[in-house]
Amino acid sequence: MKTLRILVVGFLLAQLLLAVGFVAWMYTDGRIDKARLDSVVDTFRLTIDEEAALEEDALQKEEQATQVRDQLARLESIGKGPTTLREQLDKTEQADQTAMQKLNLFNDQN
């Protein structure tokens, strides 16, 4: 029994020395530094559920910002007053010409 205990303790000490040697080698080789260790700690700081909740909040805020931006653009266009049918047709024609130019440029590149 004593021999088994000595073997187990010796094995554990050897594993500990190997682990310390590996970390020392990583440090001297420039593979580990404080910034990298901090980034690893930050990776495991939040749980998956907390991270998913943060991402969902960010998406909701982005959607709200998009809605506000669209509403501001609509209000700005309304604030300029009514547009005539001719002005609307000119804008549509310009958008069509721009789209055709982009399509032609894309076809020329491929």
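These legends walk through close-up views of one predicted chain. The model is predicted, with local features needing pLDDT of at least 70 and side-chain atom pairs pLDDT 80 or more, while totals for chains, interfaces and linings use all residues. Residues are numbered from 1 along each chain as its sequence is written, and side-chain values use heavy atoms, leaving out hydrogens and water.

View 1. You will find 4 helices and 0 strands here (DSSP runs numbered from the N terminus: helices are H or I with at least four residues, strands E with at least two). Its radius of gyration is 32 Å, whereas a compact globule of 110 residues would have one near 13 Å (taken over C-alpha atoms; the globule rule is 2.2 Å times the number of residues to the power 0.38).

**View 2. Helix 3 covers residues 48-79.** From first C-alpha to last, its 32 residues reach 46 Å, close to the 46 Å expected (1.5 Å times one less than the number of residues). Glycine 81 follows helix 3, with a positive phi near 100°.

**View 3. Leucine 12 sits in helix 1, residues 2-28.** Leucine 12 counts as exposed because its relative accessibility is 53%.

Definitions and conventions: Buried < 20%, exposed > 50% of the residue type's maximum accessible area, 1.4 Å probe, protein only.
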